[in-house]
Amino acid sequence: MKVLFSALLLFATISSFGQNEQEYGDSLFTFFSSDNQQWEDWFISLETYHKLIARQRMPKDDQDDFMLSVNESYPEQLENFVAQMKEMQSQYNLESDDVNYYTLDRVSTKPLEDVKLVYFFRLNVTYHYKKGKDSYVIEFQACYLNKEWHMMEPFQEYYE
């Protein structure tokens, strides 16, 4: 009984901590670097989207209109997100092998102005190849709600 109680206490303690940006960035980069393509799980759910809208500073009627708009466009947003993430992932994985590879150097976030709980999420990445290396920034919008990160758009890549 004591072991069961200790295990439950440990699980509750671990799960009560929020997902920090570094952990999220690391797991996202690891997933992106793999062959797994289940990107649906990374995109903000419709329910979470509604919760996010409800927490914004705007009149209730505007929130309702925004939620209706999201309801109508969500299937297309999800489909586009998945397609773009798979395409970019395949490009990165084509360029990776035993000699050429990517590393995640830094993870950071910057809040969007006038929008609660939504951030620019940045992954600073370096591509290492035989003759040198190049630095990139992968950026996307994500919200932080209920101690979890949720992607709101596919990656945008910039050279540093």
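**Set-up.** I number residues from 1 along each chain as its sequence is written, and side-chain values use heavy atoms, with hydrogens and water left out. Because the model is predicted, local features need pLDDT of at least 70 and side-chain atom pairs count only at pLDDT 80 or more, while totals for chains, interfaces and linings use all residues.

**Helix H4.** I looked up H4, residues 60-94; helices here are DSSP runs of H or I, at least four residues, and strands are runs of E, at least two, numbered from the N terminus. Its 35 residues should span 51 Å, and the end C-alpha atoms are 47 Å apart, which agrees. The expected span is 1.5 Å times one less than the number of residues.

I then checked for a bend (the angle between axes fitted to the seven residues ending at a residue and the seven starting there). H4 bends by about 50° at Ser73, and Pro75 follows within four residues.

I listed buried residues (under 20% relative accessible area, 1.4 Å probe, protein chains only). In H4 they include Met67, Val70, Tyr74 and Phe81. Among the elements covering the buried residues of H4 are H2, H3, S1 and S3, by contact (heavy atoms within 4.5 Å).

**Strands.** I took strands as paired if DSSP finds at least two bridges between them. S1 (residues 101-111) and S2 (residues 118-129) run antiparallel with ten bridges, and Val107 has Leu123 as its bridge partner in S2. Six residues lie between S1 and S2 in their hairpin, where Asp114 in the turn has a positive phi of about 65°.

S2 and S3 (residues 132-145) also run antiparallel, with twelve bridges. I found Val118 opposite Cys143 in S3, and a hairpin of two residues joining S2 to S3.

Conventions. Buried means under 20% relative accessible area, exposed over 50%, partly exposed in between (1.4 Å probe, protein chains only).
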